[in-house]
Amino acid sequence: MTADNTTPTYVLRYFDIIGLAETSRMLLTAAKAEWTEEHPEWPQEKPNQPFGHLPVLVEKSGAEDEEDFVLSESGSIERYLARKFNFVPTDNKQMARHEQLRDQHLDAIIAFFAQLSLVDEAKKEKREDFDAMLDKVIEIHTSLIRKNDDCGYLFGEELTFADMSAYAFYKLLVMYAVTFEADVAPFVKDKITPEVLHLLRTVESDPLLHEHVEKKGSFVAHILTE
Amino acid sequence: MSTSSFTLRYFNTAGLAETIRLLLTAANVDWTEEHPEWPAEKSNQPFGRLPVLIQKSDDGDADFVISESVTIERYLARTYGFLPADPRKAALQEQIRDRLTDIILAFYMQRVASDDKKNELVTKFEDLLKKQVEVSSQALRENGNNGHFFGGELTYVDIATYAFFKYLVVSVKDMQESVSELAKASLTPELHKLISVIEADPLLAAQVDKTEKLVSVLSA
């Protein structure tokens, strides 16, 4: 068997946490890309990253004489992989719908983490912002699932970037954010609608993500057990 | 062939919308701005927030409505050629712009921080800004110090960087003068060049002419 030295391979550099890398992990797995994860010593490896922070994606072309392509910023990494591996439509308008959803997820997550470092009135206000954004995101997911014939995907009939981003969003809040404030897990779980649960089940049972779920465990099982 | 016209809904400030305004101007499309009553109009927006971009087509298609400032920016930049089609080249611009968003968030966080966290968050903001200035200046130098990040023409990341520094120097002045001063002082020759080249680009004149030039503010 001849070795294919022109297929790109990937390295994802991040911490060994869900954090902001889960969607990228899912994209790489669903793409059936050859990839590994590195957990750099921190902060020692900070100066060796293009912008001094993680995550970082390294794409090695496999061709000789070609430099690695190094990309920072979780959003840029996700969009690069989603486009490269056709998990978003090529039409600009449709692509923008996926991106805006991803940005919405991130805004809500940022609002949660921002209120952690506040106190009193400022904290209360910011937490209310988070609550409102979470409600809105759930409303939108629920509406999209219904409009899409309740097939379980947000758009179309196949796994897309938006689906993976949504799954990672709920997983981050219930399983990662919970380590910062315990009440956020039951708070979010209680709000999950049947349609959102259908989305999570559908994503998790998609054959493209089988390997990811094997490795990381079932988030749906986690939600359903008390 | 259909032509589009755009409505930008936002508040009547630079805020998160200036890059959008500059892109609409550079794209040379028909566009207007609406300043919705707030929070009265909140529930009428797709995600309950601003900015919102509405694209109307004259060939009978439904309006295209999009939220999230940076998604709006990328959509316009891609559609009107200010982001390259090459995915790697586009990603390199997007990552720089994403960093600018991170820095604005860090700016906001140090403003609202509780006393015990203040110093830590101020340092975080200042470090992020310093790194951005360093990385941007190096990229500008490597491109021949012609005021552009890539090649010789106006691109998305040029516009976003210009709008970012204009925000920190001008818009932030009344909120936190120390940050405005820090931003001014941190500008390298490469960034000064970018600011003057971008501000003078004829494609942007209609929007740039609406307010005092950043170049004038910097030389005051």
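Guide: R74(B) and E99(A) form a salt bridge, with their closest N and O atoms 2.6 Å apart. The term salt bridge stands for a side-chain nitrogen of Lys or Arg within 4 Å of a carboxyl oxygen of Asp or Glu. This pair crosses between chains: R74(B) sits in helix α2 of chain B, and E99(A) sits in helix α3 (residues 92-116) of chain A. Helices here are DSSP runs (H or I, at least four residues), numbered from the N terminus. Over all chains, a search of the whole structure finds 38 salt bridges.

A word on the basis of these values. This is a predicted model, where local features need pLDDT of at least 70 and side-chain atom pairs count only at pLDDT 80 or more, while totals for chains, interfaces and linings use all residues. Residues are numbered from 1 along each chain as its sequence is written, chains are lettered from A and ligands numbered from 1 in the order in which they are written, and side-chain values use heavy atoms, leaving out hydrogens and water.

Now to the domains of chain B. Chain B is divided into domain 1 (5-79) and domain 2 (87-219), with bounds from an automatic or database domain assignment. The C-alpha centres of domain 1 and domain 2 of chain B are 22 Å apart. In domain 1 of chain B, 15 residues are in contact (heavy atoms within 4.5 Å) with 18 residues of domain 2 of chain B.

The size of an interface is often given as the accessible area lost when the parts come together. Between domain 1 and domain 2 of chain B, the buried area is about 1,300 Å², and carbon and sulfur atoms give 66% of that. Such area is taken with a 1.4 Å probe and summed over both parts. L22(B), T25(B) and A26(B) supply 36% of what domain 1 of chain B buries against domain 2 of chain B, more than any other three residues.

One salt bridge is counted between domain 1 and domain 2 of chain B. The side chains of E73(B) and R97(B) also meet in a salt bridge, at 2.6 Å from N to O. On the side of domain 1 of chain B that touches domain 2 of chain B, α1 (18-26) and α2 (69-79) of chain B each supply at least two residues. The largest share of that side, seven residues, comes from α1(B).

Conventions
Buried area = accessible area lost by both parts, 1.4 Å probe.
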